Amino acid sequence: MRSICLSLLLVSVCWALPFRQSGFLDFMMEDEPGSGDLGESVPDVELPGMPAGPKCPFRCQCHRRVIQCSDLGLKAVPEDIPDDTTLLDLQNNKITEIKENDFKNLKGLHALILVNNQITVIHAKALNPLSKLQRLYLSKNMLKDVPANMPKSLQELRIHENQITKFKKASFQGMSSMVVMAWLKPLKSAGVEPNAFADLKRVSYIRIADTNITDIPKGLPSSLSELHLDGNKISKVTAESLNGMKHLAKLGLSDNEISSVENGTLANVPHLRELHLDNNALTSVPAGLPDHKYIQVVYLHSNKIATIGTEDFCPPGFNTKKAMYSGISLFSNPVSYWEIQPVTFRCVFDRSAIQLGNYRKK
């Protein structure tokens, strides 16, 4: 009998599964179906490594697709700029040259800031890859020419305070998306070729200030809503120079040498709201103001205006459809303000909008 029991015990031991160390949770799962089956062993699976994020150029600051590398004393465009960059800020460095492949992979770049460097040359093909570029800031460098092959997608160009002396028509051919262009010194007296801006079909803002141009550039786009030509050497304003400017709302001609505004000039800018003619050599109020329907602000201070008539600003009578003036400046003119008749400003919204003052001979 003992031998039979021993034999049965040995057989049960032989059929038993190998010992496996179990934790507390394993015991809790023993009642689950299949919890006691080892089944087939699961092979080890190597998990793929996480993809490395885009590199940030050394010493630069990167946030999503904005790369800021300003004020670092860089002498060249950094390498390893992420391909998906949309804004690249390289201002206030010491970059002297833009090479052909500096931006070769930046096809999605929207804004490029290169202000206040020492750039003298931009390779003719350097901007070719930037098919989506909208804003290009190149002010305060040493460029002698407008960059070649600028992207046709460009909407805003700021390139003042370089060494460019002339605007060539070829520089802006096909730039139909341009909306804003700002340019300050230097330019030669004939520094804008005729119809240089003819292809800028959508441009609404042009500023050419503190240069040596002596005339309002010919062939300005009719799409302009703001034209700033302050600080030049323009001596007169002709009706032809503003012909077709039907959308112009603000005209800045301060700090020139203008002595006359031709009759009919203001009729060519029917939607003008602001006229800045201060710091010139005018001897009378420009003709056409009483008949202009929308003009509201007129700066005429610091001229040589000696007399002001009762109909220089407002049409006859009080019941007119003309927009009321919100600002008229006449100080620093030789006219005696106490001699101006109060009725002169009958179409001014508020008397506080009129700026008069004593004249001091220089």
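Modeller: The answer below takes the disulfides in turn. The model is predicted, so local features need pLDDT of at least 70 and side-chain atom pairs count only at pLDDT 80 or more, while totals for chains, interfaces and linings use all residues. Residues are numbered from 1 along each chain as its sequence is written, and side-chain values use heavy atoms, with hydrogens and water left out.

The structure contains three disulfides, a disulfide being a pair of cysteine sulfur atoms within 2.5 Å. Bonded cysteines, counted along the chain, pair in the pattern 1-3, 2-4, 5-6.

Cys 56 is joined to Cys 62, with an S to S distance of 2.0 Å, and this link is right-handed, with 85 degrees about the S-S bond. Buried means under 20% relative accessible area, exposed over 50%, and partly exposed in between (1.4 Å probe, protein chains only). Cys 56, at 35%, is therefore partly exposed, and so is Cys 62, at 33%.

Cys 60 is bonded to Cys 69, S to S 2.1 Å; the link is right-handed, with 115 degrees about the S-S bond. Cys 60 is buried because its relative accessible area is 12%, and Cys 69 is buried at 0%.

The sulfur atoms of Cys 314 and Cys 347 lie 1.8 Å apart in a disulfide. The torsion about their S-S bond is about -85 degrees, so this link is left-handed. Cys 314 lies in the loop between strand 16 (297–299) and strand 17 (327–329), and Cys 347 in the loop between strand 17 and strand 18 (354–355), so the pair ties together parts 33 residues apart in sequence. Strands (E, at least two residues) are DSSP runs, numbered from the N terminus. Cys 314 is buried at 0%, and Cys 347 is buried at 5%.

Methods. Helices (H or I, at least four residues) and strands (E, at least two) are DSSP runs, numbered from the N terminus.
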